Amino acid sequence: MKRDQLFALALAGVTVFALTACGGEDTEAPVTSASAPASASATPQTSAPAAAGEDDKKVCEAVQKAGDESKEVLFDALQAGKEPTAEMLSETYTDMAAALGKAAEAASTDSKVANAVKEFQAQVEEAAESSDPVAAGDAAAFQKTATNLTAVCKETGVDINF
């Protein structure tokens, strides 16, 4: 039964990875230097929220990269004909938790994104330390924090899916 669960988890990860890979990278609006001088008088009033929004977006992009790298490990294993093992999943979760920690450090402390990343990171760390990382990844708390992180990152314009 565990073998089937591991395969299902790996297959789900590969599917999500494939779908996000096909999504393209056209979510960012082009930045023009001509608009900067015209809005110079508004800059002092809006710079803090704009900077926080940009920081949140960068954090979500880092989270997205961490998720993609984790999915790539599973995808590569499947491509090589290997079945994902509990040890492989634990290592993948450990690497993801470290990347999420770095992303959270870059966020402002009062940000919804920072809080969501930290909550998800805690769940990923628990899954990494679990003797059954598949079950830990399927746990309600893990899924809830993943859904929350996906939602707050979507608000920044970054589509992730854990």
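One disulfide is found when the whole structure is searched, a disulfide being a pair of cysteine sulfur atoms within 2.5 Å. The model is predicted: local features need pLDDT of at least 70, side-chain atom pairs count only at pLDDT 80 or more, and totals for chains, interfaces and linings use all residues. Residues are numbered from 1 along each chain as its sequence is written, and side-chain values use heavy atoms, with hydrogens and water left out.

The disulfide joins Cys60 to Cys153, with an S to S distance of 2.1 Å. Its torsion about the S-S bond is about -85°, so the disulfide is left-handed. Cys60 lies in helix α3 (residues 43–79) and Cys153 in helix α7; the pair links distant parts of the chain, 93 residues apart. Both cysteines are buried, where buried means under 20% relative accessible area, exposed over 50%, and partly exposed in between (1.4 Å probe, protein chains only). Across the chain, buried residues make up 33% of the 162 residues.

The chain has seven helices and zero strands, in the order α-α-α-α-α-α-α along the sequence. Helices (H or I, at least four residues) and strands (E, at least two) are DSSP runs, numbered from the N terminus. Among contacts between residues at least 6 apart in sequence, 73% join residues at least 24 apart; contact means heavy atoms within 4.5 Å.

Helix α7 also packs against another helix. Two packed helices are described by the angle between their axes and the distance between the axes. The axes of α5 (residues 112–129) and α7 (residues 140–155) come within 9 Å and cross at roughly 150°. Axes are lines fitted to C-alpha atoms, for helices over the stretch in contact, and angles run from 0 to 180 degrees between N-to-C directions. The two helices are therefore roughly antiparallel, the label for angles over 145 degrees. Their crossing is left-handed, meaning that the near helix is turned anticlockwise from the far one by less than a right angle.

On the α5 side, the residues in contact include Val113, Phe120 and Val124, and on the α7 side they include Phe142, Leu149 and Val152. By class, this contact has 11 nonpolar, three polar and three charged residues. Ala, Val, Leu, Ile, Met, Phe, Trp, Tyr, Cys and Pro count as nonpolar, Asp, Glu, Lys and Arg as charged, and the others, Gly among them, as polar.

Asn115 is also in α5 and, at 37% relative accessibility, counts as partly exposed. Asn115 and Leu149 are 34 residues apart in sequence and 8.8 Å apart in space, C-alpha to C-alpha.

Notes
Angles under 35 degrees count as roughly parallel, over 145 as roughly antiparallel, 65 to 115 as roughly perpendicular and the rest as oblique.
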